[in-house]
Amino acid sequence: MAAWGLVTGVAMVNVGLELLPALGMTFVVYSGTSQLTVLPLLAAGTGVLAMTAAAAVANLRFVVYSALMSRHLRRLPLALRLGTGFWTIDAAVAAFLQQQQEGPLVQRVAFLNGANALIAAVWCVSSVVGIALAAVLPLGAELAYIGLLALFGITVPLLAGRPAWAAAAASVAVALAGADWPHRLGTFAAVVAGVAAALWAGRGRAAP
Amino acid sequence: MSLSATGLWVLIGLLAAVTLVARTLFLVLPPRWQPRGAVEQALRVAPLAALLAITVPEIVRDLPLRLAAAPGWGASALALATDPRLAAALALLLVVRLTRQSLCGLAAGAAVYLGLLALAG
């Protein structure tokens, strides 16, 4: 997460964003997916609405996450639901599913928001460091790839059970086929394919 | 970059709205719209599917070029074995499966990746 934050911070400055807009992107948008999607479009002079539409498509996997988390969060007050949902991202959902699916509601929400707080702190601090030191940091593809390896490392413990393996196979196949699709549509298609494969692989099994 | 300062802040506001809507859509819909049963179970793999969809294409990104430049089985096998991205991911996978520690896996993957890059010059 820190590596991704650094890389995103540096990328924002390299595209030409000044300090305040770059900080706005980091703290207000709070979405590496949106930021990394719009930065090349911003550099190319694309219109605001087109960039927003591209970010909306790139964020579709979070709609799936919100459906997944709704069982856990739907009894919370609206403001807390919105706040928790806004800063819940991939790694927090993955950690939540691994560690804290059962137990009292307050415990589950505390775990999720604890994970969210940690991730948000790391993301924001590393992004700010990237923004501040963009001119002097010797950052390249190497650091970005190590950040990607960190994300890959999160997935490995999630590979347990037939539905998970089916989802992984389907997701990887669709992601590779759709790697060149615009606006990260391939990622969304891969998520849908993965969920569909898990549904197929888990059919006839009782819910735990 | 041709966007004005105002346009930039409008963009930031719209992106924040997009983020909020995407991440909270099902949290504000009425209960009858919430997923249930088998669908809810299947949705649990969504983070796994998303993270793999983001990472795997990047892991194998250089393979087509490397394989095209290495005709024959032996050269292809060597190209596969010495691809820094693939080797690092496999090292990470192996270490995490053995130790159940993602951080150890990341350290191993990063070491293999940087080591192979250094060897390649």
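**Close-up views of the helix packing and the chain contact**

**Among the elements that cover the buried residues of α6 of chain A are α5 (60-73) and α8 (105-132) of chain A, together with α1 of chain B.** The buried positions in α6 (residues 78-86) of chain A are A:R81, A:T84, A:G85 and A:F86. A residue is termed buried if 20 or more other C-beta atoms lie within 10 Å of its own, exposed if 12 or fewer do, and partly exposed in between, with C-beta atoms placed from the backbone. Helices (H or I, at least four residues) and strands (E, at least two) are DSSP runs numbered from the N terminus. The model is predicted: local features need pLDDT of at least 70 and side-chain atom pairs count only at pLDDT 80 or more, whereas totals for chains, interfaces and linings use all residues. Residues are numbered from 1 along each chain as its sequence is written, and chains are lettered from A and ligands numbered from 1 in the order in which they are written.

**Helix α2 (residues 19-29) of chain A packs on helix α1 (residues 5-28) of chain B.** The angle is about 15 degrees and the axes are 9 Å apart, which makes α2(A) roughly parallel to α1(B). Axes are lines fitted to C-alpha atoms, for helices over the stretch in contact, and angles run from 0 to 180 degrees between N-to-C directions; angles under 35 degrees count as roughly parallel, over 145 as roughly antiparallel, 65 to 115 as roughly perpendicular and the rest as oblique. From α2(A), A:P21, A:G24, A:M25, A:V28 and A:V29 meet B:L8, B:W9, B:I12, B:L15, B:A16 and B:T19 of α1(B). Nine residues of this contact are nonpolar, two polar and none charged. Here Ala, Val, Leu, Ile, Met, Phe, Trp, Tyr, Cys and Pro count as nonpolar, Asp, Glu, Lys and Arg as charged, and the others, Gly among them, as polar.

**Helix α2 of chain A also packs on α8 of chain A.** Their axes are 10 Å apart at an angle of about 160 degrees; the two helices are therefore roughly antiparallel to each other. This crossing, too, is right-handed. A:L19, A:A22, A:L23, A:T26 and A:F27 of α2(A) meet A:C124, A:S127, A:V128 and A:I131 of α8(A). The contact comprises seven nonpolar, two polar and no charged residues.

**The contact between the chains draws 77 residues from chain A and 64 residues from chain B.** Residues are in contact if their C-beta atoms, placed from the backbone, lie within 7 Å. On the chain B side, α1, α2 (37-43), α3 (46-59), α6 (84-99) and α7 (102-120) each supply at least two residues. The largest share, 19 residues, comes from α1(B). By class, this side has 46 nonpolar, eleven polar and seven charged residues.

**B:A22 lies in helix α1 of chain B.** B:A22 counts as buried because 25 C-beta neighbours lie inside 10 Å. Apart from neighbours within four places in sequence, B:A22 is in contact with A:N59, A:L60, A:F62 and A:V63.

**Chain A is divided into domain 1 (2-156) and domain 2 (159-208).** These bounds come from an automatic or database domain assignment. The C-alpha centres of the two domains of chain A lie 22 Å apart. Nine residues of domain 1 of chain A are in contact with eight of domain 2 of chain A.

Notes
Contact = placed C-beta atoms within 7 Å. Left-handed = near helix turned anticlockwise from the far one by under 90°.
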